Amino acid sequence: MTDFTPRPAQSQILAYTGGKMGISAVPGSGKTHTLSALAAQVIRSGALADEQEVLIVTLVNSAVDNFSARIKEFLALPMPFGYRVRTLHGLAHDIVREKPSAAGLEDRFSIIDEREADFIRKEAANAWLQSHASNLNDYLLTDMDEGKRDWVRRQQLPDLVTNIAMAFIRSAKDNRLTPDKIRNLLDRSPAPLPLAAMGLEIYTDYQRALTYRGAVDFDDLIRLALDLLEHDTEFLERLRYRWPYILEDEAQDSSKLQEDILRLLAGPGGNWVRVGDPNQAIFETFTTASPQHLIDFVHEEGVQYRELPDSGRCQPSIISLANQLIEWVNREHPESEARDALTVPYIQATAPDDPQPNPPDNPDGVRLIGKKYAPEEEVEAVAKSVAKWLPEHQDSTVAILVPRNQRGVEVIEALKKRGIPFVELLGSTSSTRLASGRLGDVLACLADPQSAAKLSKAYLAWRRGGEEEAADGELHRQASGLLRKCAEVETFTAPHPGHEWLADIGSGDVPAEIVAELEEFQRIVRRWQGTTLLPIDQMILTLAQDLFTAPHDLALAHKLALVLRQAADDHSEWRLPELTGELGVIARNERRFLGFSEDDSGFDPSRHAGKVVVTTMHKAKGLEWDRVYLMSANNYDFPSAQPNDRYISERWFIRDGLNLEAETLAQLEALGTSSEFEWYAEGQATGQARLGYVRERLRLLYVGITRAKKELVITWNTGRTGEQTPAIPLVALQGWWEENKK
Amino acid sequence: MKLTRDQRSIIKSPLDGKTFLSGPAGCGKTTAGVGRLRALLTSGLPADSVLILTPQRTLQAPYERVLRGPETGPGGTVTLATVGGLARRMCDLFWPLAAEAAGFAHPGQPPVFLTLETAQYYMARIVRPLLDDGFFESVTIDRNRLYSQILDNLNKAAAVGFPHTEIGPRLDSAWYGDPAQRRVYADAQECATRFRQYCLEHNLLDFSLQLDIFWNLLWRAPECRGYLTRQYRHLIYDNVEEDIPVAHDFVMDWLREFQSALIIFDEDAGYRRFLGADPESALRLADLCETHAELTESFVASPEIQSLEIAFTEKILPRSPTPPLPLSSSLNALAFPPSETPTRFYPQMLDWVAGEIQRLTAEENVPPSEIVVLAPYLSDTLRFSLTNRLEERGIPWRSHRPSRSLRDEPASHCLLTLAALAHPGWNVRPAKFDAAYALLFAIDGMDLVRAQLLAEIVYRQRDFRLSTFDEIRPEVQERITFVFGQRYDRLRAWIEAYRQQPAPDPLDHFLRRLFGEALSQKGFGFHRNPDAARTAASLVESIQKFRVAMEPALADFRSLGDFGSLEIGKEYLAMLQDGVIAAQYVEAWQMEETDAVLLAPAHTFLMMNRPAKIQFWLDAGSGGWWERLFQPLTQPYVLSRAWTQREPGTLWTDADEVAANQQTLARLVTGLLRRCGERVYLGLSDLGESGFEQRGPLLKAIWKMQMENRNTDEQA
């Protein structure tokens with residue numbers, strides 16, 4: 001067992017023996033460690049029978065591995081005996097997988113992921129727009145001329161309707177409303193609800209598309225798991241016996257259904273420990289997730305309440321800044337209804353003899369920049385600052401946190417220009433997709449063997465391994481450029497006397513090393529062509545030997561081979577082009593579970609010392625760096641419900657500043673109510689959504705601040721229109737900081 | 001072979017006595033049975049009075065070896081049969097007797113016996129239109145699995161002995177989940193009823209009907225019964241626990257008329273329950289035998305393996321109080337990937353397995369035939385991955401079943417594409433892609449790019465037109481090369497000439513000609529490719545079998561107007577493509593390979609009834625060791641004989657499911673270990689083949705043993 005000397009607050013939690021417990025933890029308070037220790041303690045206590053397990057439910061895959069590793073260390077066991085760590089989706093999958101039939105599914109049901117779901121929603125939304133061209137006219141700004149209206153319809157509405165559809169479908173599923181149920185409610189509705197009617201039509205189409213694919217989406221999986229638990233009491237009893245202890249992490253982001261599932265599994269007198277930090281609830285928009293679930297839980301009768309307020313992560317100045325943000329929000333936020341966005345406990349520094357002491361106090365490490373930057377100036381200033389800092393801090397970690405992916409892309413461009421080493425963590429790359437993309441490039445080349453462009457792409461897939469340009473990038477670039485120009489591919493892949501492309505270019509001015517490179521590729525590509533007559537699974541496994549060396553890539557290839565073989569058996573008319581297309585679809589479907597992506601083992605900032613990590617504030621949750629830049633702290637990304645604030649969800653072309661997503665959900669909600677006082681009133685939901693957004697962004701700022709261990713730099717910009725002002729909380733912190741520093 | 005005293009006394013038991021022999025696997029029961037056969041043969045009685053019954057043909061192998069040897073005496077040959085086989089023979093022999101009584105529409109015409117594949121074919125023809133009418137709407141299921149499950153239901157009704165009209169109601173009455181499922185059972189019943197009706201109208205006999213007719217009609221007719229009882233006087237019935245209840249009923253009824261009988265029962269077995277095996281029913285045979293013998297001592301398993309078996313069973317089916325167990329010694333018989341070997345991912349585990357097999361054969365001198373690699377399911381992908389690794393290491397291997405389907409063979413692809421091209425009348429239009437692949441394979445030396453280029457130019461899918469090489473633009477001709485152009489023209493000319501024939505040949509004849517007159521000639525792909533030639537021969541054989549089975553019936557259907565202008569060749573093609581016909585065949589080298597590592601699903605290995613020193617269990621974490629395959633249209637327990645003895649309206653609950661699964665796992669592990677000489681290697685990876693973490697009950701049982709052992713160590 002590892003050395004773990006719990007702090008007093010942690011000891012209180014480890015004194016747990018049973019029942020329900022709710023814990024409020026501050027950032028960096030070691031909640032994962034404490035929860036892992038608690039799991040290990042339960043297992044070691046002998047409270048479990050052989051077939052029982054402590055069930056640990058957490059938010060993301062990286063946390064799953066993290067928990068498993070720690071418990072394993074505590075128990076010093078070679079196997080994960082006595083516990084099971086799952087995300088909610090993983091748990092729902094476990095439950096449904098045990099009884100697919102009872103959930104109306106086949107043995108090999110498939111699960112589509114967000115990308116595929118997004119694709120289907122887009123299709124459905126476009127189809128709806130096509131056939132209901134004028135339905136949204138009433139919501140468009142009235143003073144637009146016809147040309148502009150038309151442009152909006154073509155360019156803006158598809159995205160907006162897709163977003164509305166996503167919110168509607170998710171919310172409907174969270175509330176366990178099937179298209180049928182909604183239709184019934186809508187038929188009985190006393191007044192027309194056009195947005196809900198639109199949502200319903202798209203939802204119906206979407207579900208039909210899923211059924212056609214024999215698939216469910218992630219929200220269905222959770223809904224089906226809950227259905228099963230509610231309908232099969234024997235099964236529920238069996239699971240209750242199997243998991244007599246449930247430990248839930250990140251409970252502030254728990255959705256209504258997650259709470260319902262865990263409540264059922266725990267049972268009336270069950271053992272259920274929920275840990276979370278309501279101040280870090282940042283995944284709530286348009287879901288039923290809410291920190292309120294956790295807050296309500298700790299107030300339930302019989303629930304023991306504990307706090308984990310000590311954190312060794314940040315230096316004292318940063319801690320005071322974060323605590324000041326809580327205090328300011330609670331007391332002085334200009335919008336009184338937003339004052340509950342953050343809550344105590346305050347963060348406390350650890351005791352001096354703590355094994356994880358805070359970094360020494362350094363007030364100069366906190367820099368709240370008041371300077372008014374244009375967006376591109378802000379990027380430049382940050383890039384310049386980090387360029388100056390980095391060479392002297394090669395062993396330290398640093399991150400630039402942005403509110404949105406697009407902003408991150410701009411930052412990366414600036415870093416590239418200055419030759420600053422960086423690591424991108426923006427969600428647009430994943431090793432899973434890289435690997436399947438490479439395989440896809442090679443298959444596409446074999447499906448269309450006469451194409452020089454595809455041959456060239458396949459070459460790069462083989463050579464570059466999907467990485468950014470390496471040291472011999474120039475060689476690869478030249479070789480692929482030559483291949484792209486090979487007009488008659490057969491003179492390269494299967495030359496005959498007099499038609500030998502390689503010999504021809506070799507006698508020209510192409511350097512010998514490139515000819516040698518292409519000769520090697522020629523051998524490879526011939527071998528690949530030989531595989532085209534094999535069944536698809538054997539083909540993929542054979543190609544994978546040439547393409548991959550990393551174990552997780554080879555494992556992915558094995559899985560893809562298995563699934564494509566199934567697809568080929570199911571569709572005997574499919575040939576390579578169709579199967580290549582399917583590869584793309586399948587590859588995207590597997591990411592939510594533990595799996596083949598290296599990313600799933602979690603991102604470890606300490607492995608990237610000397611490089612700049614660029615990521616969003618959302619993705620930064622759970623991570624920490626020595627130095628952190630927070631960008632774009634203006635009133636657009638962090639509004640405060642003030643008259644001059646603009647909101648991202650309120651489109652300029654929609655009349656009365658309506659937030660149509662929020663209005664649609666309000667119409668859906670109205671369907672479920674019978675009280676006329678709760679009936680839908682236009683505009684109310686937009687106002688509520690503003691408040692919700694203001695609250696969530698305050699928490700996001702708090703999360704951003706608490707990522708920094710030693711140094712923190714916050715900047716803002718004037719936005720695209722040049723009209724944005726610094727975020728009010730930033731201004732408030734600045735004032736307090738200046739005051740305090742003196 | 002040296003026999004024990006017990007074995008000798010069984011073998012030498014009198015020629016007018018009946019013995020019921022029981023005992024666990026691996027203690028020499030079949031050896032005694034084989035000895036008994038030898039004794040019968042050398043005793044001077046006529047060989048053709050001896051009947052050997054087993055539930056499955058693979059179990060006859062040890063007896064076949066004797067019959068191929070010098071012991072075979074005078075007086076004809078011993079009959080080796082299954083009850084199903086016997087039923088078929090009797091239906092054939094006594095057809096006139098059965099035809100009318102069973103209600104066949106054309107008793108004057110001969111019967112057509114259906115194989116599993118041809119039965120699936122007819123089932124497909126019946127069910128397909130119903131699917132369009134909304135049958136089975138609420139289940140998402142592969143069509144071939146749909147057909148086979150309906151047939152399976154019919155077979156279970158016949159095997160257990162209840163009317164086929166009760167399938168749906170029985171399934172329905174035990175169901176307690178989502179009410180939508182009830183509709184599925186009703187649909188399944190309707191399809192079964194229609195199929196049976198169809199068979200009666202067209203003189204078709206599937207397995208269920210053969211069994212039904214034999215047991216309910218022929219066996220009760222003095223002619224048939226007299227024929228059998230006069231013919232056979234001595235019975236050896238091995239592995240009775242794996243047979244179906246109706247087979248037991250039949251043998252029980254017959255037993256007193258035999259002069260001698262040896263009935264062999266394997267304890268704790270019953271691996272074919274999913275196919276209707278019923279060990280409890282088999283035990284009834286014991287009551288009719290005057291002598292009961294028991295063999296208990298294992299010739300196969302080492303003491304460590306034997307204690308491992310006990311430990312395992314304890315973990316899977318705990319009985320209280322748990323007896324103290326020498327766990328450490330039994331754990332010695334279990335080998336894991338060492339901790340320094342990375343096994344997070346599935347292929348890493350396969351690397352370890354292949355490496356370990358190499359080490360065993362090279363360093364420990366274990367003959368490859370003493371090594372088996374088992375998994376709950378053996379996907380084609382897994383098999384390919386593993387055999388690739390073994391081949392790289394020069395280790396011979398063989399697989400439990402013919403390893404390839406003709407559907408997957410490039411050679412048969414090529415032949416069937418050319419067949420479709422030669423028969424425009426079928427109206428099967430190969431895609432350009434297929435035409436290119438056919439040219440790639442058919443023309444010696446051809447490459448993928450040129451094949452595609454050629455196919456795109458010369459082949460017009462719309463009207464099957466194949467233009468000549470001459471018609472191509474000169475610069476493209478040059479790209480394709482004139483050598484390939486000429487070869488293409490020869491092939492094209494052959495196809496054109498065939499198209500001009502007044503009437504098409506049967507498909508198998510066509511392929512013989514195509515092969516003989518064109519493809520095996522110099523310049524073509526089959527000329528220097530013996531593997532392809534063998535595939536061609538297998539394909540021809542498979543088509544011929546299909547034609548023979550279908551032709552009489554089809555001729556009849558044509559006259560009835562049921563199937564219109566039906567072409568057997570085209571039907572074969574469609575069925576092969578849909579996977580209704582698996583058309584698997586054994587590669588020649590594979591049959592010859594005896595000293596080879598065997599790869600098989602665990603259940604299949606059990607039914608081979610042979611031991612091995614070393615067993616590898618892959619996917620130890622898979623739920624597949626435990627749970628039954630989810631089959632939405634059928635349910636082996638509810639359709640068993642034992643279920644009929646429950647109160648009417650009893651539901652199949654979650655607890656029943658769990659209990660049944662535990663029994664299955666315990667039986668499986670016991671069966672495997674009793675067939676294991678020295679060691680079990682566990683193939684474990686953190687993430688399974690599909691990338692999910694797996695922790696099925698087998699793995700948990702293993703963990704429990706490890707934990708217990710650890711605790712004992714700590715206490716010590």
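# Briefing: a predicted two-chain model

Let's start with one residue: B:Ile371 sits in strand S10 of chain B, which covers residues 371-375. Please keep in mind that the model is predicted. The predictor gives the complex an ipTM of 0.75 and a pTM of 0.80.

**Around B:Ile371**

- B:Ile371 counts as buried because 23 other C-beta atoms lie within 10 Å, where 20 or more are needed.
- Leaving aside residues up to four places away in sequence, B:Ile371 touches B:Ile357, B:Leu360, B:Val366, B:Val597, B:Ala612 and B:Ile614.
- B:Asp595 is 224 residues away from B:Ile371 along the chain, yet 9.6 Å separates their C-alpha atoms.

**The sheet that holds S10(B)**

- Strand S10 belongs to an open sheet of six strands in chain B, ordered S9-S18-S17-S10-S16-S11 and paired in parallel.
- At the edges are S9 (334-335) and S11 (397-399) of chain B, each of which pairs on one side only.
- Strand S16 of chain B, residues 597-601, runs parallel to S11(B), and three bridges link the two.
- Within that pairing, B:Arg398 has B:Leu598 in S16(B) as its bridge partner.

**Confidence in chain B**

- The mean pLDDT of chain B is 87, and 92% of its residues score at least 70.
- Among the elements of chain B, strand S6 (residues 234-237) has the highest mean pLDDT, at 98, while helix H26 (residues 588-592) has the lowest, at 45.

**Where chain B meets chain A**

- Between the chains, 55 residues of chain B are in contact with 50 residues of chain A.
- Seen from chain B, helices that give two or more residues to this side include H16 (346-363), H17 (380-392), H19 (432-442) and H20 (448-458).
- Further along chain B, H25 (568-578), H29 (654-674) and H30 (697-715) are also among them.
- The chain B side divides into 25 nonpolar, 16 polar and 14 charged residues.

**A closer look at H19(B)**

- H19(B) is mostly covered, with nine of its 11 residues buried.
- Its buried residues are B:Asp434, B:Ala435, B:Ala436, B:Tyr437, B:Ala438, B:Leu439, B:Leu440, B:Phe441 and B:Ala442.
- The buried residues of H19(B) pack against helix H18 (410-422), H20, strand S13 (459-460), helix H22 (482-500) and helix H23 (507-519) of chain B.

**Chain A as a whole**

- Chain A has 27 helices and 16 strands.
- Its radius of gyration is 28 Å, close to the 27 Å that the globule rule gives for 742 residues, so chain A is as compact as a globular protein of that length.
- Along the principal axes, the C-alpha atoms of chain A fill a box of roughly 85 × 70 × 65 Å.
- Of the 742 residues in chain A, 46% are buried.
- Among contacts in chain A with a separation of 6 or more, 79% join residues 24 or more positions apart.

**S7(A), a covered strand**

- In strand S7 of chain A, residues 271-276, six of six residues are buried.
- One face of S7(A) carries A:Asn271, A:Val273 and A:Val275, the other A:Trp272, A:Arg274 and A:Gly276, and both faces are covered.
- Strand S1 of chain A (residues 20-25) pairs with S7(A) in parallel over five bridges, with A:Ile23 partnered by A:Val275.
- Strand S6 of chain A (residues 245-248) also pairs with S7(A) in parallel, over four bridges, and A:Leu247 stands opposite A:Val273.

Definitions and conventions
Residues numbered from 1 in each chain as written. Chains lettered and ligands numbered in written order. Predicted model: local features only at pLDDT ≥ 70, side-chain atom pairs only at ≥ 80, totals over all residues. Pairing = 2+ DSSP bridges. pLDDT = per-residue confidence, 0-100. Rg over C-alpha atoms; globule rule 2.2 N^0.38 Å. Buried ≥ 20, exposed ≤ 12 C-beta atoms within 10 Å, placed from the backbone. Contact = placed C-beta atoms within 7 Å. Nonpolar A, V, L, I, M, F, W, Y, C, P; charged D, E, K, R; others polar.
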